[in-house]
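Have the sequence and the 3D view ready, and follow along.

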Amino acid sequence: MTAEERLEKIARGLGDRAAQKLDVAAVANGVIARLRRDEPTVSVRWRRVALQMAAVVLISVAVGLYANSQRTVDFDFTAPVELTELSEDELDQVMDSLLVDQPMFEVAAVGLYDLDEQELEDLLELMEG
Amino acid sequence: MAAIPLTEPTSDAELIESWKLGDETAATELVHRHAEAVARYLGAAGAGEDVDDLVQEAFFRAFRKIDTFKGEAQFRTWVIRIASNALKDQRRRIRGRVVLSIEDGGQLADGQGRPDEVLDARETERRVAAGIEELPAMQRDVFLLRAQHAVSYEDIAAVLGTTPGAARVHYHQAVKRLKELL
C-alpha cells in the first residue's frame with residue numbers, strides 16, 4: 001500500500017464513528033422543524049422582492065447618471081429634434097456625444113489549464129503567502 | 001434474471017424539485033440519503049461532539065437556499081461544502097477550542113493485531129487526524145472529498161469554486177503534508 005493509499009484509508013476510517021453515531025431520523029426531524037419555523041410570511045416575501053427590485057432600479061439609475069455625466073453635448077436639447085432633420089455635421093455631433101470615455105483594460109487571459117503542475121504549485125504558494 | 005423493481009428509485013434531482021414545491025417528505029428523504037456522508041466528513045474534519053448539530057445546520061442551510069444549487073456537482077458534495085462552511089462559522093465563534101476527538105479514531109485501530117501494533121496504528125490515526133484538522137481549509141476539503149467520497153476533481157472544483165487543475169494541486173499538497181505524519 002502506498003503512503004497515499006494509506007492516508008486515504010485512514011481518512012475513510014476517520015469519521016466512521018461519527019457517521020455510525022448519527023441519529024439520522026432526529027436530524028431529519030430537526031431540519032424540517034427548523035424549516036417550518038423559518039418559513040417567511042407572505043408579506044416578508046413580497047418585501048424581499050420589492051427590495052430586490054428597488055436595488056435593480058437604483059443600480060440602473062446610478063449607471064445612467066454616471067454615463068450621462070461623461071457625455072459632452074454641445075447642442076440644445078430643449079426642442080425635440082428629429083434625427084432625419086439633422087445635417088451630417090450635427091449627426092456626427094450626436095454620435096460623438098453618445099460615446100462615453102471609459103478606460104479600456106487589456107486583460108491577458110491566462111487560464112489555469114495553461115499552467116503545468118509546477119507553475120500551479122508556484123502560483124498557489126504565492127497566493128498563500 | 002434479476003427482479004426488476006416496480007418503480008425506479010427517485011433521483012436526488014427529482015427530490016430537489018419536489019422540495020422546491022414544498023414537499024417535506026422529499027427533504028426528509030434527502031437527509032436520510034446523505035446525512036451519514038456529511039457526518040463522516042465532519043467527523044474527519046474535527047467537528048467532535050458537534051457533528052449532529054452541524055449536520056442539521058448544513059441541511060437546513062441547503063434547503064433554505066436550494067434555488068442556488070444548479071446541479072454543477074452531486075447534491076451530497078454540495079451539502080458537504082455547506083457543512084464545511086458551517087464548521088468554519090462555528091470555529092470563528094468558538095476560537096481556540098480543541099475539537100479533535102480521539103474517539104473518532106475510526107476502524108483501523110480496532111484491537112486486531114498485537115497490542116503494540118494497535119497502539120502504533122491508533123497513534124498514527126491521531127496524528128493524521130490532527131494533521132487533517134490543521135490543513136488549510138481548501139486542502140482539507142479537497143483531500144477529504146477525494147479520499148472519503150472519491151469525488152471527481154471536476155465536481156470538487158465546481159463546489160469549491162476552483163478549477164480541476166488547482167484542486168489536483170491542493171490534493172497533492174495535502175498528501176505531501178500528511179505523509180510526513182505516517
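## What covers the helix?

What covers the buried residues of H3(B)? The cover includes helix H2 (16–21) and helix H3 (24–38) of chain A, together with helix H1 (12–20), helix H2 (24–44) and H4 of chain B. Helices here are DSSP runs of H or I with at least four residues, numbered from the N terminus.

Before going on, note that this is a predicted model, in which local features need pLDDT of at least 70, side-chain atom pairs count only at pLDDT 80 or more, and totals for chains, interfaces and linings use all residues. Residues are numbered from 1 along each chain as its sequence is written, chains are lettered from A and ligands numbered from 1 in the order in which they are written, and side-chain values use heavy atoms, leaving out hydrogens and water.

## Meet H3(B)

With 14 residues, H3(B) reaches 20 Å from its first C-alpha to its last, close to the 20 Å expected at 1.5 Å a residue; the expected span is 1.5 Å times one less than the number of residues. Of those 14 residues, 10 are buried (under 20% relative accessible area, with a 1.4 Å probe and protein chains only). Among them are Val51(B), Leu54(B), Phe60(B) and Ala62(B).

## A partner in chain B

Helix H3 (residues 51–64) and helix H4 (residues 75–93) of chain B have axes that come within 8 Å and cross at roughly 120°. Axes are lines fitted to C-alpha atoms over the stretch in contact, and angles run from 0 to 180 degrees between N-to-C directions. That angle makes H3(B) oblique to H4(B): under 35 degrees counts as roughly parallel, over 145 as roughly antiparallel, 65 to 115 as roughly perpendicular, and the rest as oblique.

Residues in this contact (heavy atoms within 4.5 Å) include Leu54(B) and Phe63(B) of H3(B), and Trp78(B) and Ile82(B) of H4(B). By class, the contact has 12 nonpolar, 2 polar and 3 charged residues. Ala, Val, Leu, Ile, Met, Phe, Trp, Tyr, Cys and Pro count as nonpolar, Asp, Glu, Lys and Arg as charged, and the others, Gly among them, as polar.

## A partner in chain A

The axes of H3(A) and H3(B) come within 9 Å and cross at roughly 45°, so these two helices are oblique to each other. Among the residues that meet are Val27(A), Gly30(A) and Leu35(A) in H3(A), and Val55(B), Phe59(B) and Phe60(B) in H3(B). This contact has 8 nonpolar, 2 polar and 5 charged residues.

Key: Buried < 20%, exposed > 50% of the residue type's maximum accessible area, 1.4 Å probe, protein only.
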